[in-house]
Amino acid sequence: EFDELRLGYEAALEIDKYPLPETKDREGYYGPHHFGYWASGFQDAKLLLDAAEKYGTEVSRYLDIGCASGRVMRHLESIKPGVKVTGCDINRHHVDWCNLHLSENIKTFHSSSIPSLPMEANSVDLVSAFSVFTHIEAFETAWLAEIERVLRPGGMAWITVHTEQTLVDMNENWPLW
């Protein structure tokens, strides 16, 4: 499995010609460890596509809620060419960075804390929200309903949260400490 992942990294590095965001443009994630930032996005994109395949979800349209500076989107678009990749983020700086620096096939829009996505119902095959719900202070149920609205029947949502164990694991060496 390591060799397969290594070869995956090598192929992805050949394909990905877009700049990496500076540490300040990714809110400090991974600190100065640019390859770690890049590789984590590759791993998460592979994880999403592998899960979709496992559960029989054909992915032609992907939405990354809380996309930040495109950590996952950049890879999903290159691993699975032809997929319509859309991202949204509450931070306008992230949206501008993605629209300026990533593939023209990736569309990113500014969202708000109010659950309202400018997308048709049943129009997305795969939705991800990496740790977004960790930060939502209100409208959690409404956001889940909005995700359900845009997700097509048989589509898949991948939602992660930080847990109490995450807080235990955190230490001063974490970039967001």
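Does Asp-125 count as buried or exposed, and what is the relative accessibility behind that label? Asp-125 counts as buried, at 6% relative accessibility, where buried means under 20% relative accessible area, exposed over 50%, and partly exposed in between (1.4 Å probe, protein chains only).

The model is predicted: local features need pLDDT of at least 70, side-chain atom pairs count only at pLDDT 80 or more, and totals for chains, interfaces and linings use all residues. Residues are numbered from 1 along each chain as its sequence is written, and side-chain values use heavy atoms, with hydrogens and water left out.

**Overall architecture**

The protein chain contains seven helices and five strands; helices (H or I, at least four residues) and strands (E, at least two) are DSSP runs, numbered from the N terminus. Their order along the sequence is α-α-β-α-β-α-β-β-α-α-β-α. Of the 177 residues, 44% count as buried. The chain exposes about 10,000 Å², and carbon and sulfur atoms supply 55% of this area, as computed by the Shrake-Rupley method with a 1.4 Å probe; for residues, only the protein chains shown count as cover. Among contacts (heavy atoms within 4.5 Å) with a separation of 6 or more, 67% come from residues 24 or more positions apart.

**Salt bridges**

A salt bridge is a side-chain nitrogen of Lys or Arg within 4 Å of a carboxyl oxygen of Asp or Glu. By this rule the count comes to seven. The table lists some of them.

| Pair | Closest N and O atoms |
|---|---|
| Asp-16 and Arg-74 | 2.7 Å |
| Glu-58 and Lys-80 | 3.7 Å |
| Arg-152 and Asp-125 | 2.4 Å |

Asp-16 forms a salt bridge with Arg-74, and this pair links distant parts of the chain, 58 residues apart: Asp-16 is in the loop between helix 1 (2–15) and helix 2 (34–54), and Arg-74 is in helix 3 (residues 73–79). Asp-16 is buried at 12% relative accessibility, and Arg-74 is buried at 3%.

Glu-58 forms a salt bridge with Lys-80. The two residues are 22 residues apart, with Glu-58 in the loop between helix 2 and strand 1 (61–65) and Lys-80 in the loop between helix 3 and strand 2 (84–89). Glu-58 is exposed, with a relative accessible area of 54%, whereas Lys-80 is partly exposed, with 25%.

Arg-152 forms a salt bridge with Asp-125. This pair joins strand 5 (residues 151–159), which holds Arg-152, to strand 4 (residues 124–129), which holds Asp-125, across 27 residues.

The 21 residues of helix 2 should span 30 Å at 1.5 Å a residue, and the end C-alpha atoms are 30 Å apart, which agrees; the expected span is 1.5 Å times one less than the number of residues. Buried residues of helix 2 include Tyr-37, Trp-38, Phe-42, Leu-48 and Leu-49. Just after helix 2, Gly-56 takes a positive phi of about 75 degrees.

Most residues other than glycine have a negative phi. In the loop between helix 1 and helix 2, Glu-27 has a positive phi near 55 degrees and is partly exposed, with a relative accessible area of 41%. Tyr-30 is also found in the loop between helix 1 and helix 2. Its phi is positive, about 70 degrees, although Tyr-30 is not a glycine, and at 33% relative accessibility Tyr-30 counts as partly exposed.
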